[in-house]
Amino acid sequence: GYLLESAMHVRDDWTVFGRFEKVENNELFKEGELLNGQVFNIRKLSLGFVHDFAQLGKVKLGAGALVSKFGKPTALDSVYGSSPTSYMLFFRAKLAM
């Protein structure tokens with residue numbers, strides 16, 4: 001597998017980021033299931049942003065969002081759907097340097 005990721009500070013308080021992963025995964029099904037142990041090539045592209053909205057002493061507080069889109073073989077459509085997508089909202093606290 002491999003992974004590429006990057007982040008860019010658009011302004012001091014805004015960051016955009018992205019990540020691309022590709023792995024071979026043989027752990028998608030439980031023991032006893034028909035496709036257990038079969039290796040599948042899985043890809044994931046994630047894009048997101050973080051906005052730092054406050055600083056408390058040496059801690060910056062931020063909020064952000066992330067969306068991920070998955071690529072997979074059509075053999076997995078019956079389990080994962082034809083176009084799997086995930087979303088996440090989050091809060092972050094980090095040390096300000």
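## A buried aspartate and its partner

D52 is buried, with a relative accessible area of 9%, where buried means under 20% relative accessible area, exposed over 50%, and partly exposed in between (1.4 Å probe, protein chains only). D52 forms a salt bridge with R92, and the closest N and O atoms of the two are 2.9 Å apart; a salt bridge is defined here as a side-chain nitrogen of Lys or Arg within 4 Å of a carboxyl oxygen of Asp or Glu. This pair links distant parts of the chain, with D52 in strand 3 and R92 in strand 5 (residues 85–95), 40 residues apart. R92, for its part, is partly exposed at a relative accessible area of 25%.

## Basis of the description

The model is predicted, so that local features need pLDDT of at least 70 and side-chain atom pairs count only at pLDDT 80 or more, while totals for chains, interfaces and linings use all residues. Residues are numbered from 1 along each chain as its sequence is written, and side-chain values use heavy atoms, with hydrogens and water left out. Helices (H or I, at least four residues) and strands (E, at least two) are DSSP runs, numbered from the N terminus.

## Other salt bridges

The count of salt bridges comes to 5. One of them joins E5 to R19, with 3.2 Å between the closest N and O atoms. Because E5 lies in strand 1 (residues 2–11) and R19 in strand 2, this pair ties together parts that are 14 residues apart in sequence. E5 is exposed, with a relative accessible area of 56%, whereas R19 counts as partly exposed at 30% relative accessibility.

A further salt bridge is formed by D77 and K72, whose closest N and O atoms are 2.3 Å apart. In this pair D77 counts as partly exposed, at 27% relative accessibility, and K72 counts as buried, at 14%. Salt bridges that share partners also join E5, R19 and E21 into one network.

## Aromatic pairs

The structure holds 3 aromatic pairs, the criterion being that rings of Phe, Tyr and Trp (its six-membered ring) have centres within 6.5 Å, with planes under 30 degrees apart counted as stacked, over 60 as edge-to-face and the rest as tilted. Among them is the tilted pair of W14 and F49, at 5.8 Å centre to centre and with 35 degrees between the planes. Since W14 lies in strand 2 (residues 14–25) and F49 in strand 3 (residues 40–56), the pair ties together parts that are 35 residues apart in sequence. W14 is partly exposed, with a relative accessible area of 31%, and F49 is likewise partly exposed, with a value of 35%.

Another pair is that of F29 and F40, whose ring centres are 6.2 Å apart and whose planes stand at 55 degrees, so the pair is tilted. F29 lies in the loop between strand 2 and strand 3 and F40 in strand 3, so this pair ties together parts that are 11 residues apart in sequence. Both F29 and F40 are buried.

## Surroundings of L3

L3 lies in strand 1 and is partly exposed, with a relative accessible area of 42%. Not counting residues up to four places away in sequence, L3 touches R19, F20 and E21, where contact means heavy atoms within 4.5 Å. L3 and V23, which are 20 residues apart in sequence, have 8.5 Å between them in space, C-alpha to C-alpha.
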